Amino acid sequence: YLRTVFFINQNLFVTSEECISIPHNHHDYELRYIATGKCKQIISNRTYDAEVGDLLIVYPFEYHCQRKDQICVTSSQYNLRFTVEIPNDNASPAEIRAYQAIIKALSETRRVHDKKQILLLYFKQLTEEINSKNVGYVSNMQSLCSLILSEVTRLSEKEIKSLYPPEELKFRGYGRSAIDSFFTHKYLTNVKVGDLAEDMKISRRQVNRIMNKMFGMSFTQKLTEMRLQQAKLQLTFTEKPITEICHDCGFQNYSYFSTCFKENCGMPPSEYRARTQKKKNQ
């Protein structure tokens with residue numbers, strides 16, 4: 001639900017000599033994590049004594065700096081800036097709750113202590129990824145940034161009960177993973193809503209209620225959507241007869257398959273195949 005933008009530059013990892021600066025501010029948040037030594041951090045005209053494992057949060061537009069005359073011993077730190085995007089007018093209630101909850105947690109936290117050095121591991125790996133630039137490093141960096149923000153929120157000890165209502169929270173982890181796993185492995189077979197209900201040990205009515213909350217559609221609609229996606233792939237990349245594709249993708253009746261396909265794509269399967277294969281060969 002949260003959309004965050006992280007800013008990473010040459011100041012991601014700096015020594016105490018390199019991070020000396022005049023008071024300045026940013027329009028985003030900044031995380032300042034002490035990796036080695038001790039130092040004094042000045043934020044909004046207040047001085048904080050920071051040591052290894054301390055992470056200080058600088059709020060948007062707050063003036064902050066680290067002066068040379070306040071360096072106690074040689075130290076090093078990681079600096080990571082980020083913005084939490086404001087939900088747009090079409091945002092769901094869950095997105096709005098998530099935004100409000102994280103902003104509240106951040107605004108009530110100035111400093112957290114990384115006793116288990118989990119954040120330190122994330123920051124080190126983030127630095128390695130940006131320096132090595134191996135295949136997939138951008139995705140790895142995105143994941144690490146999300147982990148860092150999640151761990152900071154966890155260490156803040158702020159309870160974010162408003163993030164999800166109790167019912168959503170109950171099914172958010174297990175329910176979503178169970179449903180995803182079910183459809184991934186069984187959507188091409190002759191499955192029914194009762195099969196998923198049995199797998200999850202809940203009633204059919206509860207299954208459809210959870211499906212609507214998490215996917216915005218019923219069990220049958222989700223099943224049809226996944227089968228149609230597979231049909232599109234086969235129409236584009238294979239020469240199999242359309243009737244064979246129909247049955248391979250779990251549809252027992254060609255007329256029903258053709259009707260669903262046309263409703264989903266705005267054209268019959270034969271026309272879809274002709275268009276996509278023409279594009280593929282251009």
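A disulfide is a pair of cysteine sulfur atoms within 2.5 Å. By that criterion, a search of the whole structure, which is a predicted model, finds zero disulfides. Cys-246 illustrates the result: the closest cysteine sulfur to its own belongs to Cys-249 and lies 8.0 Å away, too far for a bond. Cys-246 is buried, at a relative accessible area of 0%. Cys-39 also counts as buried, because its relative accessibility is 2%.

The chain as a whole has eleven helices and nine strands. It is 282 residues long, and 41% of these residues count as buried. Among contacts between residues at least 6 apart in sequence, 70% join residues at least 24 apart.

The structure holds 13 aromatic pairs. In one of them, Tyr-33 and Phe-123 are tilted, with 35° between the planes and 5.4 Å from centre to centre. This pair links distant parts of the chain, since Tyr-33 sits in strand E3 (residues 29-36) and Phe-123 in helix H2 (residues 118-132), 90 residues apart. Both Tyr-33 and Phe-123 are buried. Phe-123 also pairs with Tyr-78, and here the rings are stacked, at 5.2 Å centre to centre and 15° between the planes. Tyr-78 belongs to strand E8 (residues 76-84), 45 residues from Phe-123 in helix H2, and this pair too links distant parts of the chain. Phe-123 therefore takes part in a pair with a residue of E3 and in a pair with a residue of E8. The relative accessible area of Tyr-78 is 6%, so Tyr-78 is buried. For Phe-123 the relative accessibility is 0%, which places it among the buried residues.

Phe-251, Tyr-254, Tyr-256, Phe-257, Phe-261 and Tyr-272 are joined by ring pairs into a cluster. Three of these residues, Tyr-256, Phe-257 and Phe-261, also belong to the H10 side of a contact with helix H8.

Helix H8 (residues 219-237) and helix H10 (residues 254-265) pack at an angle of about 90°, with 11 Å between their axes. H8 is therefore roughly perpendicular to H10, because angles of 65 to 115 degrees fall in that class. H8 contributes Thr-224, Leu-228, Ala-231, Lys-232 and Leu-235 to the contact, while H10 contributes Tyr-256, Phe-257, Cys-260, Phe-261, Asn-264 and Cys-265. By type, the residues of this contact are eight nonpolar, two polar and one charged.

Helices H6 (residues 193-200) and H7 (residues 204-215) form another packed pair, with an angle of about 95° and axes 9 Å apart. That angle makes H6 roughly perpendicular to H7. On the H6 side are Val-193, Gly-194, Leu-196, Ala-197 and Met-200, which meet Arg-204, Val-207, Asn-208, Ile-210 and Met-211 of H7. The residues of the contact of H6 with H7 comprise seven nonpolar, two polar and one charged.

Ser-150 is located in H3, which spans residues 137-155. Its relative accessible area is 40%, so Ser-150 is partly exposed. Ser-150 and Ile-102 are 48 residues apart in sequence, and their C-alpha atoms are 9.7 Å apart in space.

Key. Residues numbered from 1 in each chain as written. Predicted model: local features only at pLDDT ≥ 70, side-chain atom pairs only at ≥ 80, totals over all residues. Heavy atoms only, no water. Axes fitted to C-alpha atoms, helices over the stretch in contact; angles between N-to-C directions. Helix = DSSP H or I, 4+ residues; strand = E, 2+ residues; numbered from the N terminus. Parallel < 35°, antiparallel > 145°, perpendicular 65-115°, else oblique. Contact = heavy atoms within 4.5 Å. Nonpolar A, V, L, I, M, F, W, Y, C, P; charged D, E, K, R; others polar. Buried < 20%, exposed > 50% of the residue type's maximum accessible area, 1.4 Å probe, protein only. Phe/Tyr/Trp six-rings, centres within 6.5 Å; stacked < 30°, edge-to-face > 60°.
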